[in-house]
Amino acid sequence: MSAATGSAALTQTRQGRRAPGNRADGPSVWMAGPALVLFGVFAVVPLIGVAVLSFMSWDGLGDPVWAGAENWGRTLTDPVTQNAMRLTVVLSVATWLFQTPLSLLLGVFMAGRQRYRAVLSVLYFLPLLFSAAAVAIAYRALLDPNFGLGTALGISWLSQDWIGSPDLALWVVLFVISWSFVPFHSLLYQGGVRQIPKSMYEAALLDGAGRVQQFFYITLPQLKYTIVTSSTLMIVGSLTYFDLIFVLTGGGPGNATRILPLDMYLTGFRSYDMGKASVIAVILVVVGLAVSIGLNRFSGASKMDSQMEGV
Amino acid sequence: MSVRVARTTPNLFGGLAGWIWLAIIIVPIYYILVTSLRPQADYYSENPLSLPANATLDAYGQVLANDFLRYFGNSVVVTLVSTLVILAVSLTASYVVVRSRRRSTARLFQVFLLGIAIPIQATIIPVYYLIVQLGLYDTLWAIILPSIAFAIPLSVLILTNFLRDVPAELFESMKMDGAGEWRTLWNLALPLTRPAIMTVGVYNALQVWNGFLFPLVLTQSAETRVLPLSLWSFQGEFSVNVPAVLAAVVLSVLPILAAYIVGRRQLVSGLTAGFGK
């Protein structure tokens with residue numbers, strides 16, 4: 001009773017407040033001022049700035065000078081950058097193909113209520129605590145051809161010069177990225193699996209569906225949104241693997257692991273060609289946005305979308 | 001009954017993958033730990049995965065003697081200041097987004113959301129220019145300010161989603177009691193969003209603590225060096241002393257590990273924040 005009257009009174013207050021001429025309802029936008037200023041100055045302005053700088057010539061020290069479209073032509077025809085684009089595509093496709101089935105499998109496994117699985121889940125999480133720099137340093141030592149894992153286990157196949165060989169380095173990068181990020185994605189899948197109603201499985205069992213059929217007809221379709229979210233994060237993420245590769249291989253040997261973010265850093269802060277580096281940065285932003293929007297459109301109104309549109 | 005039986009058939013494939021993955025996760029971590037306890041001389045002679053015959057903390061001593069504590073302190077300052085500011089400004093911004101009925105606020109929220117899809121790396125060149133122009137290059141502020149800016153979108157998103165679930169009646173009754181917006185924020189929004197605040201705090205603290213690109217580009221001297229960068233420079237200085245490099249790795253993870261042990265749940269939900277639910 002009283003609750004009902006209360007809410008009726010509230011509706012009245014709201015309507016009253018909306019009367020013309022009244023100060024608009026709710027807190028002043030100024031309360032959001034600090035967040036707006038910080039985000040505006042250090043994120044929005046740089047985002048516009050990078051587009052402007054892609055048309056300027058700057059060595060990182062003096063003042064930027066207008067250069068027109070020259071940087072763009074120079075960058076798009078540069079074989080090093082073209083190679084970086086190719087490597088970025090190869091790496092994002094390969095990391096997706098490798099990580100998605102693995103994370104899905106582990107996520108389903110972790111979602112089980114058995115106690116030992118809970119213990120395993122605690123351990124699976126550990127790689128997420130390490131900084132990318134720490135992971136890269138540990139793997140450099142672990143993959144040493146003379147004093148590393150190959151020697152420890154006596155398996156000569158493991159004693160290759162993993163990081164020093166142009167043919168192997170990219171696959172090492174793929175493995176180390178997966179080591180670092182599969183835990184995160186399997187956590188997403190674990191959460192997704194736990195939200196699937198139990199009754200669906202019970203119904204499937206009554207219909208005589210086996211475990212494999214359950215997986216393909218219930219689990220997989222029900223995880224649609226999780227798959228889209230995880231894939232978006234993986235693919236956009238592969239545009240940002242900088243620190244791990246920087247410390248692990250530095251982009252080498254040669255340019256064998258020089259993916260776009262690394263190409264941008266090395267062009268800008270090693271060759272001091274900020275104009276060209278800005279062109280690469282703009283490409284990264286455009287591709288990142290396109291992938292996020294594309295994947296979410298492709299899948300219909302995804303969960304990420306609805307979260308974002310629930311304004 | 002048949003339901004019961006089918007239920008308990010073990011998931012052999014998943015189980016196998018689970019145990020293999022465990023080995024893949026644990027072996028490198030075990031390797032880091034045992035190697036950091038190995039005397040440098042034995043590194044070249046002992047089996048890399050064996051327990052050290054002459055376990056020693058020498059490597060840790062060397063790391064600590066090389067200004068490790070200063071880098072550690074820098075990381076603590078950067079992480080604490082960034083996280084506190086992120087929480088304060090994101091909470092007030094989310095409060096405005098949820099409580100204001102102006103059209104312009106919705107627009108504002110969309111601007112923040114744009115930030116989630118931007119790869120941070122891509123703006124590093126203008127950020128560098130800006131930091132140099134502001135005279136902040138090679139100060140801890142050079143790391144703190146951009147770290148805050150890039151954490152705001154996701155933090156506002158999570159806190160906003162959480163604040164929306166607070167019944168509007170609670171806010172209205174605060175208002176009827178004559179409470180101003182700041183008091184409502186402090187006495188109502190803050191306590192009710194505590195779980196979300198913990199999540200956002202833990203998530204951002206981990207991001208800032210492990211951040212590498214901003215320190216690499218925006219600082220230079222040993223005075224402003226933070227931990228991830230110090231690991232990288234240790235690797236250069238101690239290149240032949242692998243136990244010392246790995247001891248530095250262990251020391252850099254210890255605070256996070258302690259946090260993981262104490263607040264595992266918050267950390268897990270913090271890491272999957274905004275995506276998992």
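Let me start with a term: a residue is buried under 20% relative accessible area, exposed over 50%, and partly exposed in between, using a 1.4 Å probe and protein chains only. What we have here is a predicted model, in which local features need pLDDT of at least 70 and side-chain atom pairs count only at pLDDT 80 or more, while totals for chains, interfaces and linings use all residues. Residues are numbered from 1 along each chain as its sequence is written, chains are lettered from A and ligands numbered from 1 in the order in which they are written, and side-chain values use heavy atoms, with hydrogens and water left out.

Now the salt bridges. By that I mean a side-chain nitrogen of Lys or Arg within 4 Å of a carboxyl oxygen of Asp or Glu. Over all chains, the search finds seven.

One of them joins Glu70(A) and Arg74(A), with 3.0 Å between the closest N and O atoms. Glu70(A) is partly exposed because its relative accessibility is 42%, and Arg74(A) is partly exposed at 30%. The two are four residues apart in helix α3 (residues 70-76) of chain A, so about one helical turn separates them. Helices here are DSSP runs of H or I with at least four residues, strands are runs of E with at least two, and both are numbered from the N terminus.

Next, Asp78(A) pairs with Lys276(A), the closest N and O atoms being 2.5 Å apart. Asp78(A) is in the loop between α3 and α4 (79-111) of chain A, and Lys276(A) is in helix α14 (residues 274-298) of chain A, so this pair ties together parts 198 residues apart in sequence. Asp78(A) is buried at 14% relative accessibility, and Lys276(A) is buried at 13%.

In chain B, Glu46(B) forms a salt bridge with Arg38(B), at 2.4 Å between the closest N and O atoms. Glu46(B) is buried at 17%, and Arg38(B) is buried at 2%.

On to the domains, whose bounds come from an automatic or database domain assignment. Chain A has domain 1 (34-68) and domain 2 (80-309). Nine residues from each of these two domains of chain A take part in the contact, where contact means heavy atoms within 4.5 Å. About 640 Å² is buried between domain 1 and domain 2 of chain A, with carbon and sulfur atoms giving 73%; buried area is the accessible area (1.4 Å probe) that two parts lose on being put together, summed over both. How many salt bridges does the rule find across that interface of chain A? Zero, between domain 1 and domain 2 of chain A.
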